[in-house]
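Welcome! Please take a moment to look over the structure below before reading on.

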Amino acid sequence: MGALDNLADLLGPIVTYTIVFIGTIKLLGWIYYTSSFIKKFAFTWPLDIMERYSGKDTWCVITGASDGIGAETARKFAGLGFNCCLISRTTDKLKSVEAEIKKINPKVKTKLITANFFGKNSIEFYKDLVSQVKDLDISLVYINAGIMPSGHQINMPVEVMQHLLDVNVYHYTMLHKLFLPMLLERTKQGKRSWLCGTASVTWLGYARPFVHYTATKGYDGYLSTAVNYELKRMGKRADGADPNLIDLHCSTPMGVGTNLVKPPIKERVWIYFTHRPSSYVDALHKDMG
Ligand SMILES: NC(=O)c1ccc[n+]([C@@H]2O[C@H](COP(=O)([O-])OP(=O)(O)OC[C@H]3O[C@@H](n4cnc5c(N)ncnc54)[C@H](OP(=O)(O)O)[C@@H]3O)[C@@H](O)[C@H]2O)c1
């Protein structure tokens, strides 16, 4: 008993101090993350992106620009003075976004490209698409179009899977592939550019019943992160291009009240947790740079 008591006397303080030590580290970590979060959302102001991206008389290109986050981003960028190239599959919707943009800022130029990415998993299709904007001075590229069908693997029609892969994976990959060299070329004049994709917060975990959607968004998030890593390790190239002048981002929305989110959210009575596309785009703007 005496030996056990001695052991308890010896270990007791060690265990207590270890727990206090670990608790303190955890608490400091929590304080750090909470204050970073508060700083980011309450005390961070967006950069002057017109200045950062040498944006005077330059263009933003946005896919999925006819609705939701893409349309709201177009309104924001037009308001800041960027010319807008809007891409999506529905011409009428693109025209109505264009009309809104002209009201917001009558000075900006616009270009509309109707393109349906479904069934277009061919590099020639994307080369042709990008060739339509090759003469524009593009400073911002937002690869944002996406679809979110719900359903279990066993029930999901193959056509729906095909659509999901074509839009969320193929269009995402090929437009990163084709726009990156154009933006790198621009860095030779010492100009920065912004290349951003849209993943989803769902890629951080398993999201039933959007398993395939989540998988595609996992791919998107991984691709953007990995390409950014590659770019930043390349260093300035012999031809004068400077990958460090490309801000390669990946946005990860959650619960933004758009066409994409409304139906499944309504089914699950989570409608109250959605927020407006404009708040999301304001946050995206704060993240730029
Ligand atoms: N809303 C959210 O909370 C949330 C959460 C996570 C991730 N996201 C991601 O954010 C991005 C934008 O979503 P959103 O919420 O703004 O959705 P949305 O309102 O449904 O808009 C989707 C856009 O993508 C376009 N699009 C869809 N299929 C297309 C196709 N086959 N070819 C060409 N364009 C196509 C649509 O064009 P049409 O208008 O012509 O159909 C529309 O402009 C997506 O990548 C989505 O995965 C959104």
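The report below goes from the overall picture to the sheet, the helices, the cores and the ligand.

## The overall picture

What you see here is a predicted model. The protein has 9 helices and 6 strands. Its C-alpha atoms fill a box of roughly 85 × 50 × 35 Å along the principal axes.

Of the 289 residues in the protein, 32% are buried.

In the order 3-2-1-4-5-6, 6 strands form an open sheet with parallel pairing. Strand 3 (110-114) and strand 6 (246-251) stand at the edges, and each has a single partner strand, so one side of each is left without a neighbour in the sheet. On average, neighbouring strands of this sheet are turned by 10° against each other, direction ignored.

Strand 5 (residues 193-198) runs parallel to strand 6, and 6 bridges join the two. Cys196 has His249 in strand 6 as its bridge partner.

## Helices across the sheet

Which strands does helix 3 lie across? They are strand 1 (59-63), strand 2 (83-88), strand 4 (138-143) and strand 5. Relative to strand 1, helix 3 runs at about 170°.

Helix 7 (residues 211-234) lies across strand 5 and strand 6, and its angle to strand 6 is about 160°.

## The nonpolar cores

The largest nonpolar core has 43 residues. Those with the most contacts inside it are Cys60, Ile62, Ala74, Cys84, Leu86 and Val141. Helix 6 (residues 158-187) gives the most to this core, with 7 residues.

Leaving aside residues up to four places away in sequence, Ala74 touches Ile62, Ala65, Cys84, Leu86, Val97 and Ile101. There is also a second, separate core of 6 residues, with Phe117, Met148, Val167 and Tyr213 among them.

## Around the ligand

Finally, the ligand. There are 31 residues around it, and Gly64, Gly68, Thr90, Gly146 and Leu260 come nearest. Which helix gives the largest share of this shell? Helix 3 (residues 68-79) does, with 3 residues.

Sorted by class, the shell around the ligand holds 14 nonpolar, 14 polar and 3 charged residues.

How values were computed:
Residues numbered from 1 in each chain as written. Predicted model: local features only at pLDDT ≥ 70, side-chain atom pairs only at ≥ 80, totals over all residues. Near = placed C-beta within 6 Å. Helix = DSSP H or I, 4+ residues; strand = E, 2+ residues; numbered from the N terminus. Nonpolar A, V, L, I, M, F, W, Y, C, P; charged D, E, K, R; others polar. Pairing = 2+ DSSP bridges. Axes fitted to C-alpha atoms, helices over the stretch in contact; angles between N-to-C directions. Contact = placed C-beta atoms within 7 Å. Buried ≥ 20, exposed ≤ 12 C-beta atoms within 10 Å, placed from the backbone. Core = buried A, V, L, I, M, F, W, Y, C linked by C-beta atoms within 7 Å.
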